[in-house]
Amino acid sequence: MAFVSMRQVLDEAAQGGYGVGAFNVNNMEQIQAIMEAARETKSPVIIQASRGARKYSNDRFLYHLMLAASELYPEIPTVMHLDHGNSVATCKSAIEMGFTSVMMDGSLMEDGKTPSTFEYNVKVTREVVEMAHAKGITVEGEIGTLGGIEDGHGAGVDSLAHVTDPAQAEEFVKLTGLDALAVAIGTSHGAYKFSTKPTGATLKMDRVIEIHKRLPNVHLVMHGSSSVPKELQDVINAYGGKLKPTWGVPVEEIQLGIKNGVRKVNVDTDSRLAITGAIRRVFWEKPEEFDPRSYLSPARDAMKQVIIQRMTQFGQAGHAADYQPIPPSEMAKRY
Ligand code: 13P
């Protein structure tokens, strides 16, 4: 199956009332873990790469790994998405490379750190929408600013400092014409999101509900949505790790979001935790090992298990065969 646009996958998800995990990758094992999980659960997938991932793996490696994934898993509708593009040029290079979806994160300036103005955000997002839609490529934008810093990207602000204003979200969608809207509701990237289990005061699900009421036909995106399960933290700490106690986004809150217009759920940290725990365990139990396959295989399997859980919990499981991919040229005509 060819790659599909994210717009088609999210439209299908909206029709079916489910969410789709968008899982970050940097290397072959992570792509394999996601594709295997998708096959086992019969799920459509969104695989996303940040600027950091593109730099780490090199665009050409990444592209050809993704091409291999689409050849080897022909039954899985697969989206290749740019996570947190920092500029029009970054989005343009991703589209030229073969990504079927891009995020223009104009909530921050090009440095990926400084919160921007509404006007700047509208301008750069609109520019990317015009460029991408002409080729049938999907665009995600962001309004409000997430907390934390990950991969060098983020304002490092308190997660509640810039939560999305619903009226501004409505205006932003009208002015940009984007396909998917990332909202800031108190989450942040990385493992340290909340110092206790989140409540309505720290995780603003009421914002999602209000934004969905105002924009019932817009696909909402939750970033920073790893659940940071205690079991995964415990494995790391049992084998020499030193994670401090921390809480992520509970799966039931994500499911509440999915009932209220959230169609794309970004997960990176949970995969990282699973991989690290599995590798630590091999190093701890078999210090004589030095074949990378002896620790990368369990790492890949541990990530696959987390992804299977998320695909099932978000509801995308069982939906891979629901639709035929629409080629980008046809998508372009629909805009
Ligand atoms: P987590 O750090 O919660 O996995 O979030 C990832 C993300 O939002 C990528 O854009």
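Colleague: In this predicted model, how many Å separate the backbone oxygen of Leu67 from a polar atom of the side chain of Ser70?
Modeller: Ser70 belongs to helix H4, which covers residues 59-72. A polar atom of its side chain and the backbone oxygen of Leu67 form a pair whose distance is 3.0 Å.

Colleague: Is Ser70 buried or exposed?
Modeller: A residue counts as buried when its relative accessible area is under 20%. The relative accessible area of Ser70 is 9%, so Ser70 is buried.

Colleague: Which residue is the bridge partner of Gly21 in S8?
Modeller: Strand S1 (residues 20-24) pairs with S8 in the parallel sense, over 4 bridges. Within this pairing, Val20 stands opposite Lys264. For Gly21, the bridge partner in S8 is Val265.

Colleague: Which residue of S8 is the bridge partner of Val221?
Modeller: Strand S7 (residues 219-222) and S8 also run in the parallel sense, and 3 bridges pair them. The partner of Val221 in S8 is Lys264.

Colleague: How many residues of strand S8 are buried?
Modeller: Strand S8 spans residues 262-267. The strand is mostly covered, and its count of buried residues is 6 of 6.

Colleague: Which residues of strand S6 are buried on the side other than that of Ala180 and Ala182?
Modeller: In a regular strand, side chains alternate between the two faces of the sheet. Strand S6 consists of residues 180-183, and both of its faces are covered. Ala180 and Ala182 are buried on one side; buried on the other are Leu181 and Val183.

Colleague: Which residues touch the most other members of the largest nonpolar core?
Modeller: The largest nonpolar core holds 73 residues. A second, separate core has 15 residues, including Val4, Val9, Val79 and Met103. In the largest core, the residues that touch the most other members are Ile34 and Leu181.

Colleague: Is Thr100 buried or exposed?
Modeller: Thr100 is placed in the loop between helix H5 (88-97) and S4. Leaving aside neighbours within four places in sequence, its contacts include Phe3, Met80 and Ile137. Its relative accessibility is 8%, and therefore Thr100 counts as buried.

Colleague: The side chain of Thr100 has a polar atom 2.8 Å from the backbone oxygen of which residue?
Modeller: Val4 and Ser5 are among the residues in contact with Thr100. The backbone oxygen that lies 2.8 Å from a polar atom of the Thr100 side chain belongs to Val4.

Note on methods. Residues numbered from 1 in each chain as written. Predicted model: local features only at pLDDT ≥ 70, side-chain atom pairs only at ≥ 80, totals over all residues. Heavy atoms only, no water. Buried < 20%, exposed > 50% of the residue type's maximum accessible area, 1.4 Å probe, protein only. Helix = DSSP H or I, 4+ residues; strand = E, 2+ residues; numbered from the N terminus. Pairing = 2+ DSSP bridges. Core = buried A, V, L, I, M, F, W, Y, C linked by side-chain atoms within 4.5 Å. Polar contact = N/O pair within 3.5 Å; in protein donor to acceptor, adjacent residues only side chain to side chain. Contact = heavy atoms within 4.5 Å.
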